[in-house]
Amino acid sequence: MADFDFQSILSDIKNSVTALALSTVKEYANEAKADALQFVENSKANLQTWIVELSQGQLTQADFEDLVMGLKDLMQMNALQQVGFSLIEADQFKISLLNTVIKTVVSLI
Amino acid sequence: METTKPSHYLRMALVLVAFSFAGCATISSFDQYAYIQSTSLKVDALNMMDLAQNNFSTNEKAVLEFQTKMQKAYEYEKNRPKNEITVRQWDLLMDTTGHLLGGFIERWKKEQKLNSAYITEKKKQVSTAFDLISGLESKKINPTNISQ
């Protein structure tokens, strides 16, 4: 019967998992920040267009208000998307974690 | 008689652990049908919105047909497990008291005709809303990749 050095296996898994967690969190935080900033930038540009169109009479006051409220709804949809992305990242992390544990243990058997 | 080695048990346990992932996922996995539905409905919605320069009553049939298609897609999304976030996105898009597609249709029905500058800008918002739904779907994990 083979002898397993469980302390060594656990130590290897701990190191791999720590490295994986750090890289996953850092990558996701950068992506989420960039997405949110891009959304705000796009919204600012749209708002400027509507103000010009309102002043030129192409949009009515009711049109303008509806578009601004639409922006608020889109921001909520964007926030939901970010929450969804974070859950996907969490699931991807779980898969990577399982793969790491499996590879580490199999390589030591 | 040959005895089973401990390493065999360990490998079997690892395989079981890998297969148990599906049960502990926090969000629904990628669904090709849902993705196609959202991108296809986006095209239909934007085409329908162009009709709002004309009387609602003359386009009512086309609007009702579109709404039926959208309700079917919504029902499909509602019945997918762990799909609450996508369903909440659809709720915002379809809300008749909101300011995206549902609100647009209600306003068209009430005012009969809408002006072209408003339609152009609202189409951009509705287009973005559909992109947010399909963007989330496309990033979901494909079930065929879980065991790789």
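## Helix α3 of chain B

In this predicted model, α3(B) carries a kink of about 35 degrees, centred on B:Ala62. The bend at a residue is the angle between axes fitted to the seven residues ending there and the seven starting there. Helices here are DSSP runs of H or I with at least four residues, strands are runs of E with at least two, and both are numbered from the N terminus.

The buried residues of α3(B) are B:Phe66, B:Met70 and B:Glu77. A residue counts as buried if 20 or more other C-beta atoms lie within 10 Å of its own, as exposed if there are 12 or fewer, and as partly exposed in between, with C-beta atoms placed from the backbone. The cover over the buried residues of α3(B) includes α2 (32-50) and α4 of chain B.

## Basis of the model

The model is predicted: local features need pLDDT of at least 70, side-chain atom pairs count only at pLDDT 80 or more, and totals for chains, interfaces and linings use all residues. Residues are numbered from 1 along each chain as its sequence is written, while chains are lettered from A and ligands numbered from 1 in the order in which they are written.

## Packing of α3 on α4 in chain B

The axes of α3 (residues 56-78) and α4 (residues 84-94) of chain B come within 9 Å and cross at roughly 155 degrees. Axes are lines fitted to C-alpha atoms, for helices over the stretch in contact, and angles run from 0 to 180 degrees between N-to-C directions. α3(B) and α4(B) are therefore roughly antiparallel to each other; the cut-offs are under 35 degrees for roughly parallel, over 145 for roughly antiparallel, 65 to 115 for roughly perpendicular, and oblique for the rest.

On the α3(B) side the contact is made by B:Met70, B:Tyr74, B:Glu77 and B:Lys78, and on the α4(B) side by B:Thr86, B:Val87, B:Trp90 and B:Met94. Two residues are in contact if their C-beta atoms, placed from the backbone, lie within 7 Å. By class, the residues of this contact of α3(B) with α4(B) are five nonpolar, one polar and two charged. Ala, Val, Leu, Ile, Met, Phe, Trp, Tyr, Cys and Pro count as nonpolar, Asp, Glu, Lys and Arg as charged, and the others, Gly among them, as polar.

## Packing of α4 on α6 in chain B

α4(B) also packs with α6(B), at an angle of about 170 degrees and with the axes 10 Å apart. α4(B) and α6(B) are therefore roughly antiparallel to each other. From α4(B), the residues B:Thr86, B:Gln89, B:Trp90 and B:Leu93 meet B:Ala129, B:Leu132, B:Ile133, B:Leu136 and B:Glu137 of α6(B). This contact of α4(B) with α6(B) consists of six nonpolar, two polar and one charged residue.

B:Ser38 is placed in helix α2 of chain B. B:Ser38 is buried, with 24 other C-beta atoms within 10 Å. Setting aside neighbours within four places in sequence, B:Ser38 is in contact with B:Phe130, B:Ile133, B:Ser134 and B:Glu137. The C-alpha atoms of B:Ser38 and B:Trp90 are separated by 9.7 Å, although the two residues are 52 apart along the chain.

## Loop residues with positive phi

B:Lys82, in the loop between α3 and α4 of chain B, has a positive phi of about 55 degrees although it is not a glycine. B:Lys82 is partly exposed, with 13 other C-beta atoms within 10 Å.

B:Gln112 is in the loop between α5 (101-111) and α6 (116-139) of chain B. B:Gln112 is not a glycine either, and has a positive phi of about 70 degrees. B:Gln112 is partly exposed, with 13 other C-beta atoms within 10 Å.

## The two chains

Chain B has six helices and zero strands. Of the 148 residues in chain B, 30% are buried. Among contacts in chain B with a separation of 6 or more, 73% are between residues 24 or more positions apart. Chain A has two helices and zero strands, and 17% of the 109 residues of chain A count as buried. For contacts in chain A between residues at least 6 apart in sequence, 83% join residues at least 24 apart.

Between the chains, 32 residues of chain A are in contact with 33 residues of chain B. On the chain A side, the elements that give two or more residues are α1 (6-55) and α2 (61-108) of chain A. The largest share, 25 residues, comes from α2(A). The side of chain A that touches chain B divides into 19 nonpolar, seven polar and six charged residues.
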